[in-house]
Number of protein chains: 2
Amino acid sequence: MNTIELKTPYLIFVGEETREGFAKTGLGIVEWRRSLCKGQISLEGGTIDLGLPSMTIKEAAEANVGSLIIGTASIGGNVPEAWMDTLVEALEQGIDIVAGVHNLLKDVPRLREAAAKSGARLVDIRIPPNNIPVSSGKKRTGRRLLTVGTDCAVGKKYTALAIERDMKSNGMNVDFRASGQTGIMIAGKGIPIDSVVTDFVSGAAELLSPNNDADHWDIIEGQGGIIHPGYAAVSMGLLIGSQPDAFVVCHEPTRSSIEGWDDFALPTIQEVIERTTQIGKLTNAAIRCVGVSINTSKLNPAERQNYLDDLSKEIGLPCVDPLKDGTQRIIDQLSSEFDIVK
Amino acid sequence: MNTIELKTPYLIFVGEETREGFAKTGLGIVEWRRSLCKGQISLEGGTIDLGLPSMTIKEAAEANVGSLIIGTASIGGNVPEAWMDTLVEALEQGIDIVAGVHNLLKDVPRLREAAAKSGARLVDIRIPPNNIPVSSGKKRTGRRLLTVGTDCAVGKKYTALAIERDMKSNGMNVDFRASGQTGIMIAGKGIPIDSVVTDFVSGAAELLSPNNDADHWDIIEGQGGIIHPGYAAVSMGLLIGSQPDAFVVCHEPTRSSIEGWDDFALPTIQEVIERTTQIGKLTNAAIRCVGVSINTSKLNPAERQNYLDDLSKEIGLPCVDPLKDGTQRIIDQLSSEFDIVK
């Protein structure tokens with residue numbers, strides 16, 4: 001088994017958190033995979049409501065919960081002492097603990113002992129699986145779409161999930177493939193691509209979207225940016241190994257420089273299309289862009305539609321905000337490009 | 001300290017080896033850094049002669065040897081039982097053991113115990129240092145040249161070392177920077193770039209060639225290939241982080257496909273120049289190719305010079321075989337491009 005696989009269903013742990021912004025992971029899982037979530041659990045003082053039934057650990061165990069997912073960010077990246085009794089109780093009940101905290105669960109002695117005793121797992125979602133091979137470059141069956149971006153944090157995960165959802169509504173054969181922590185919790189499986197040793201990063205991307213039915217689409221969550229001073233190697237590895245037939249560029253229109261790298265101008269959408277096509281041709285000669293996904297939340301309503309219309313004209317492809325418009329126009333483009341019979 | 005640093009001088013260990021091809025590491029160290037090598041040590045049956053004085057461990061300790069370098073490849077990547085007494089004796093004498101074996105030195109209990117007792121180190125040269133940051137993209141002082149290639153194993157390390165040697169002969173201020181195992185043993189320091197987690201690979205490349213004098217050149221050993229189905233991400237990370245002012249393309253002219261990836265045609269030298277320039281511009285707008293390094297060992301003497309002359313005309317840059325011609329013509333090109341006063 002070369003991808004992380006989580007046991008479902010989930011109990012989402014939101015601790016003593018009171019700020020929605022720090023519970024994004026939990027909120028994301030509920031938004032995209034409500035059906036995987038049996039319940040939520042808070043500690044004293046916690047006010048986050050994910051809209052799930054509140055459950056004790058005992059109730060979760062009775063409901064056959066497979067994993068307790070840490071759905072909040074803890075300050076400093078450690079497992080706070082106040083969480084410990086609850087997490088240990090879950091492990092004792094045979095429930096896996098899943099987290100993306102910076103300091104590893106398995107380095108906390110109490111958790112490690114409780115897990116060893118019950119056989120439940122501590123799943124540190126930043127640790128890639130072992131034995132990832134170097135990429136082969138061999139063509140795989142099935143179709144693939146990769147979301148890419150002009151920067152980090154421009155909606156690559158959101159766009160991929162929205163495309164999966166809308167393709168499913170169209171009755172298409174499709175799976176979201178997660179390459180980052182929250183994505184893996186949402187999908188229940190995946191590989192944290194940016195944590196893989198560089199020699200093997202394209203090999204990890206190959207494992208992420210294996211052979212599939214001829215009419216099946218993997219919608220692969222992108223990472224980083226192919227024109228990015230920090231993370232271009234991550235994007236390169238994911239692109240080469242994914243062998244995408246199609247890609248969608250994600251963009252935040254009010255950003256002028258790379259976030260966190262102020263000296264670097266944001267690349268244009270057109271530059272990202274050209275660079276992605278050029279590099280992607282190595283493992284898929286027919287790679288093409290099928291649309292652009294814009295996060296318009298910072299545009300005022302008057303300029304929003306004009307911006308999208310102008311951009312569509314300029315790029316010659318559907319430009320949508322998946323949150324507001326859905327992704328049907330991108331799916332229509334994909335269907336016409338690839339002769340998909342719905 | 002964010003690079004591997006080896007203690008010098010060296011004692012080169014060649015075990016029971018009889019085949020020169022399996023002692024390439026030892027031979028390479030002697031070829032490029034004879035002055036770092038105090039002696040060699042074989043076991044019974046070993047016939048490799050590196051041209052160094054034979055020494056016992058005791059003599060090496062008396063000669064203040066800092067590291068015993070495993071200069072051969074062992075079958076299977078394990079430390080053979082027959083080596084153990086010699087390695088333990090070295091550790092007891094306070095001599096570090098340095099190796100690139102696949103299975104780690106520190107996972108061998110006898111070695112670990114002997115090292116712990118004496119304070120000598122077990123240096124597994126495939127393990128990058130801890131705490132490598134994400135790359136900043138910030139411009140560093142000094143100049144940098146990176147060797148790149150149309151494939152793996154086309155002379156990127158050799159070319160970088162030859163350029164360093166020849167620039168030194170010109171009285172220039174220059175250092176070879178090692179990004180792979182044998183290179184690190186030769187240089188006495190460096191980072192195994194392909195073993196770094198992808199998020200940090202460009203950050204590792206930044207550490208590898210830090211700020212330096214305005215007239216100083218780092219000659220950086222390249223890895224992989226920017227148009228390679230297995231290792232493009234390694235090359236991307238190294239290119240972005242190195243911020244090279246200049247690069248040299250290395251090529252083996254009888255190869256038609258990527259070695260080990262037979263379905264992939266070898267990219268042309270011109271394609272590698274264009275792609276490297278395009279991607280490298282992100283962190284160094286003035287990046288340019290200054291020459292081509294050809295391994296002509298498989299060409300017959302009659303065609304060799306014609307091939308190089310034709311290629312020089314086609315590319316418009318010096319094309320040399322460093323083994324036969326040296327690299328002076330590339331250095332002349334570099335000097336004229338960068339107004340270097342010798």
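**Entry 1: helices 5 and 12 of chain A**

I began with a pair of helices in chain A of this predicted model. Which residues of helix 5 meet helix 12 there? I found Ile163(A), Asp166(A) and Met167(A) on the helix 5 side, and they meet Gln328(A), Ile330(A) and Ile331(A) in helix 12 of chain A. I then looked up the classes of the residues in this contact: four are nonpolar, one is polar and one is charged.

Next came the geometry. Two packed helices are described by the angle between their axes and the distance between the axes. Helix 5 covers residues 156-169 of chain A and helix 12 covers residues 328-337, and their axes come within 9 Å and cross at roughly 70 degrees. Angles from 65 to 115 degrees count as roughly perpendicular, so helix 5 of chain A is roughly perpendicular to helix 12 of chain A. I also noted that the crossing of these two helices is right-handed.

**Entry 2: helices 3 and 4 of chain B**

I moved to chain B for another pair. The axes of helix 3 (residues 84-92) and helix 4 (residues 109-118) of chain B come within 8 Å and cross at roughly 15 degrees. Are they roughly parallel or roughly perpendicular? Angles under 35 degrees count as roughly parallel, and therefore helix 3 and helix 4 of chain B are roughly parallel to each other. Their crossing is right-handed.

I listed who touches whom. From helix 3 of chain B come Met84(B), Leu87(B), Val88(B), Leu91(B) and Glu92(B). In helix 4 of chain B they meet Arg110(B), Leu111(B), Ala114(B), Ala115(B) and Ser118(B). By class, this contact has seven nonpolar residues, one polar residue and two charged residues.

**Entry 3: a sheet in chain A**

I followed the strands of chain A next. In what order do the five strands of the open sheet lie? I read the order as 3-2-4-5-6, with parallel pairing. Strand 3 (37-42) and strand 6 (122-124) of chain A are the edge strands, as each pairs on one side only. On average, neighbouring strands of this sheet are turned by 25 degrees against each other, direction ignored.

I also checked what lies against this sheet. Helix 1 (residues 24-33) of chain A packs on the sheet and touches strand 2 (10-15), strand 3 and strand 4 (67-70) of chain A. The direction of helix 1 makes about 150 degrees with that of strand 2 of chain A.

Then I looked at one pair of strands. Strand 5 (residues 96-99) and strand 6 of chain A pair in the parallel sense over three bridges. For Ile97(A), the bridge partner in strand 6 of chain A is Leu122(A).

**Entry 4: a sheet in chain B**

In chain B I traced an open sheet of six strands, in the order 8-10-7-11-14-15 and with parallel pairing. Its edge strands are strand 8 (174-177) and strand 15 (319-320) of chain B. How many bridges join strand 7 to strand 11 of chain B? I noted five bridges between strand 7 (residues 143-149) and strand 11 (residues 246-251) of chain B, which run parallel. Leu145(B) stands opposite Ala246(B) in strand 11 of chain B.

Most residues other than glycine have a negative phi, and most peptide bonds are trans. I went looking for exceptions. The peptide bond from Thr8(A) to Pro9(A) is cis, with omega near -5 degrees. Pro9(A) is in the loop between strand 1 (4-5) and strand 2 of chain A. In chain B, the bond from Thr8(B) to Pro9(B) is cis, with omega near -5 degrees.

Asn131(B) is not a glycine, yet its phi is positive, about 60 degrees. I found Asn131(B) in the loop between strand 6 (122-124) and strand 7 of chain B.

**Entry 5: how the chains meet**

Last, I compared the copies. A rotation of 180 degrees with 0.0 Å of shift along its axis superposes chain B on chain A, with an RMSD of 0.0 Å. The two copies are thus related as by a two-fold rotation axis. The same surface serves both copies, with 100% of the contact residues of chain B recurring in chain A.

I looked up the size of the contact too: 26 residues of chain B are in contact with 26 residues of chain A. Which element gives the largest share of the chain B side? That is helix 8 of chain B, with six residues. The residues on this side divide into 15 nonpolar, eight polar and three charged.

Technical notes
Residues numbered from 1 in each chain as written. Chains lettered and ligands numbered in written order. Predicted model: local features only at pLDDT ≥ 70, side-chain atom pairs only at ≥ 80, totals over all residues. Axes fitted to C-alpha atoms, helices over the stretch in contact; angles between N-to-C directions. Helix = DSSP H or I, 4+ residues; strand = E, 2+ residues; numbered from the N terminus. Parallel < 35°, antiparallel > 145°, perpendicular 65-115°, else oblique. Left-handed = near helix turned anticlockwise from the far one by under 90°. Contact = placed C-beta atoms within 7 Å. Nonpolar A, V, L, I, M, F, W, Y, C, P; charged D, E, K, R; others polar. Least-squares fit on C-alpha atoms with pLDDT ≥ 70 in both. Pairing = 2+ DSSP bridges.
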